[in-house]
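Please open the model in your viewer and keep the sequence panel beside it. The stops below say what to select and what is to be found there.

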Amino acid sequence: MKLKRTMAMLMAGVMCAGALAGCGSSSGGDGSAASNSNLQNLTFVIAARDEFMSSIEAAMKAEAEPLGYNIVTQDAQNDSAKQIQYIETAVNGGAEAVICLPVDADGTQSLIDAVGDAKLIFVNRPPTNMSELAAENVAYVGSDEDTSGYFQGEYLAQYFKDKGQTEIKYFMIQGTLGQVSTTKRSAGVLQALKDNGITATEASAPVVADYDRPTAQEMIQPLLTSGKEFDCIIANNDAMALGAIEACKDAGVEINFPIVGIDCTADGAQAITEGTLAMTVFQNPVGQGKGSVIAAMNMIAGNDLDAGMEDLGTMDDSGNDYSSHVFWVPFEPVTTDNVADYM
């Protein structure tokens, strides 16, 4: 199955993780990255733990631990100052590269400054100012958020067209305001509905649930029983979509309308098989994890960023000053038709 096959691909990338662990990793004279076999830690600095981040970590550990490699995850708990500290500590310890999911996409220049001459690979969440990625020692590996919400909108447009309906009302559950993923996922779904001939109107102002399942459940439930008419629930991630499903169950609301999410977590995929979640959009945690490791190794060795990554995605082709430093791992729509491939 696709997800399992993708997880298996991580093994080769993790085998070279020692060069990222710090304390004496170096580049060999032949241009390839060399590592001390005694160095088995790979530091990954995250913004904060959530369901999707746990999926990345679990997938990496499942493949890395049998090889004797230890994934050290530093959780900044949404504190930008802590992220800077963790990066500085890693570099001061000798790390040639640091992989980071930034707390604040608007403040990534401070992380670039903190890494100094070492390599910095942003994963999953790119800088708001993408031109920062044009720096020689900086790169990004992740998925293009412009496409994630768009897949939701395309699904919903077809769903309602099949019912002969071209005007809909929706509830939207948003992630953390100001984050690139929140902004682009929300805009993408509405743009796709518009592009496909659907007039979509808010049934209420968006609910902001910070990508958290219990928060979404608590905040959406009053709307479900408010008497407001709605045709679907759009969530910026699976966790919040699942919160909406629980709220419907608690409120005794029959789920005879589509609820859509993003990320294709294990629980999200299961909800599709149960018929409570209409669709989700697979964001490949293993592809991003493996890709960021390989990208770091390539940068250390002076190779092209995407060397050995051809099966994971594609380089940015926009022609911008940062294009040679950006690698896209594609989003993939998941419905009842193909969910088995992701379980």
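A residue is called buried when its relative accessible area is under 20%, exposed when over 50%, and partly exposed in between, with a 1.4 Å probe and protein chains only. The model is predicted, so that local features need pLDDT of at least 70 and side-chain atom pairs count only at pLDDT 80 or more, while totals for chains, interfaces and linings use all residues. Residues are numbered from 1 along each chain as its sequence is written, and side-chain values use heavy atoms, with hydrogens and water left out.

**Whole chain.** Buried residues make up 52% of the 343 residues, and the chain has 10 helices and 16 strands, taken as DSSP runs (H or I of at least four residues for helices, E of at least two for strands) and numbered from the N terminus.

**Helix α6.** Select residues 180-195, which form α6; its 16 residues reach 22 Å from first C-alpha to last, close to the 22 Å expected at 1.5 Å a residue, where the expected span is 1.5 Å times one less than the number of residues. Colour its buried residues, which are Val180, Ser181, Thr182, Arg185, Ser186, Gly188, Val189, Ala192 and Leu193. Their cover includes α5, β8 (167-174), β9 (199-202) and β11 (232-235). After the helix comes Gly197, with a positive phi near 80°.

**Helix α5 against α6.** Residues in contact (heavy atoms within 4.5 Å) include Tyr150 and Leu156 of α5 and Arg185 and Val189 of α6.

**The largest nonpolar core.** Such a core is a set of buried Ala, Val, Leu, Ile, Met, Phe, Trp, Tyr and Cys residues joined through side-chain atoms within 4.5 Å. Select Phe171, Ile173, Ile220, Leu224, Ile233 and Ile259, which touch the most other members among its 31 residues. The elements giving two or more residues are β8, α7 (213-224), β11, α8 (238-251) and α9 (266-274), and α8 gives the most, with 7 residues. A separate core of 26 residues has Ile46, Leu101, Ala295 and Leu312 among its members.

**Ile259.** Which residues surround Ile259, leaving aside its neighbours within four places in sequence? Ile259 is in contact with Ile233, Ala241, Ile245, Cys248, Thr276, Leu277, Ala278 and Met279.

Definitions and conventions: Axes are lines fitted to C-alpha atoms, for helices over the stretch in contact, and angles run from 0 to 180 degrees between N-to-C directions.
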